[in-house]
Amino acid sequence: MPPLTLIIGNRNYSSWSLRAWLLMKHVGLEFEAIVIALDRPETHEQIERHSPSGRLPLLRHGELLIWDSLAICEYAAELTGKGWPRSREARAVARSVCAEVHSGFTTLKSLWPMNARARNRHTAITVALEADIERIDEIWNDCRARFGAGGPWLFGEYSVADAMHAPVVLRFNTYGARISQAARWYMASVLEDAPLQEWLTAAKQEPWIIAADEVG
Ligand SMILES: N[C@@H](CCC(=O)N[C@@H](CS)C(=O)NCC(=O)O)C(=O)O
């Protein structure tokens with residue numbers, strides 16, 4: 001198999017990159033990661049050299065390019081046969097919650113930008129933000145209660161759904177979301193996860209600051 005190269009944005013702020021990188025780690029793929037610092041004068045040109053969409057993450061596998069975090073997770077799952085729950089019902093719900101977090105929660109994403117290393121940030125809680133937080137809490141509770149018996153993850157074993165939700169966990173951790181006990185337990189599993197810890201360690205060492213994402 002040709003080597004896999006994952007091109008990602010800098011780890012502290014690139015929520016979309018985190019998802020693809022985490023899932024690839026969890027399904028056991030070996031790959032090289034190339035980091036492009038976001039929001040700098042040279043960023044656009046550097047990304048365009050690799051990515052047809054002008055966005056990161058991008059996975060290169062020989063001649064094949066795969067862009068978009070969810071498409072990369074799907075490809076990694078196809079290569080390895082891991083990443084989606086085995087039962088059809090659980091898999092359908094996992095795909096639903098992945099699609100929901102991929103296309104939705106725009107208020108949460110804009111008011112609470114991912115800032116992996118930041119702690120104890122506080123912002124005003126708007127009605128729309130509260131609604132996003134409540135819906136995430138409901139998703140985590142529902143998946144854990146219905147499908148989580150086999151392990152600490154949303155569907156028991158680690159799945160694409162956990163990778164897709166990891167940036168939300170980091171946002172909740174940075175800005176101190178008020179959530180239910182079961183959701184806090186799920187967050188603890190994500191925050192203790194070894195690949196996530198590896199990402200956080202690297203994020204802390206990055207020199208770049210994106211002022212617009214330093215909120216609260
Ligand atoms: N839907 C895309 C979104 C990717 C995205 O917006 N990536 C940001 C970085 S996190 C980006 O590449 N921004 C380009 C730039 O900042 O110039 C995905 O899931 O991969």
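Let me start with serine 15, which is buried, its relative accessible area being 9%, where buried means under 20% relative accessible area, exposed over 50% and partly exposed in between, with a 1.4 Å probe and protein chains only. Please keep in mind that this is a predicted model, in which local features need pLDDT of at least 70 and side-chain atom pairs count only at pLDDT 80 or more, while totals for chains, interfaces and linings use all residues. Residues are numbered from 1 along each chain as its sequence is written, and side-chain values use heavy atoms, with hydrogens and water left out.

Serine 15 lies in helix H1; helices here are DSSP runs of H or I with at least four residues, and strands are runs of E with at least two, numbered from the N terminus. Leaving aside residues up to four places away in sequence, serine 15 touches Met114, Pro167 and Arg171, a contact being heavy atoms within 4.5 Å.

That brings me to the packing of H1 with helix H7, residues 160-175, where the angle is about 140 degrees and the axes are 8 Å apart. Axes are lines fitted to C-alpha atoms, for helices over the stretch in contact, and angles run from 0 to 180 degrees between N-to-C directions. H1 and H7 are therefore oblique to each other, given that angles under 35 degrees count as roughly parallel, over 145 as roughly antiparallel, 65 to 115 as roughly perpendicular and the rest as oblique. On the H1 side the contact involves Ser15, Leu18, Arg19, Leu22 and Leu23, and on the H7 side Val160, Ala163, Met164, Ala166, Pro167, Leu170 and Arg171. Sorted by class, that contact has nine nonpolar, one polar and two charged residues, with Ala, Val, Leu, Ile, Met, Phe, Trp, Tyr, Cys and Pro counted as nonpolar, Asp, Glu, Lys and Arg as charged, and the others, Gly among them, as polar.

H1 also packs with helix H9, residues 194-205, their axes coming within 9 Å and crossing at roughly 135 degrees. H1 and H9 are therefore oblique to each other, and H1 passes H9 in a right-handed crossing. Here Ser17, Leu18, Trp21, Leu22, Lys25 and His26 of H1 meet Pro195, Leu196, Glu198 and Trp199 of H9, which gives six nonpolar, two polar and two charged residues.

Let me now turn to the sheet, which is open, has four strands in the order S2-S1-S3-S4 and shows mixed pairing, two strands being paired if DSSP finds at least two bridges between them. Its edge strands are S2 (32-36) and S4 (64-67), each pairing on one side only, and the twist averages 20 degrees from one strand to the next.

How do the strands pair? Strand S1, residues 4-9, pairs with S2 in the parallel sense over five bridges, whereas S1 and S3 run antiparallel and are joined by four bridges. Isoleucine 7 stands opposite isoleucine 34 in S2 and opposite leucine 58 in S3. S3 and S4 also run antiparallel, with four bridges, and histidine 61 stands opposite leucine 64 in S4. The hairpin of S3 and S4 has two residues between the strands, and glycine 62 takes a positive phi near 60 degrees there.

Terms used: Left-handed = near helix turned anticlockwise from the far one by under 90°.
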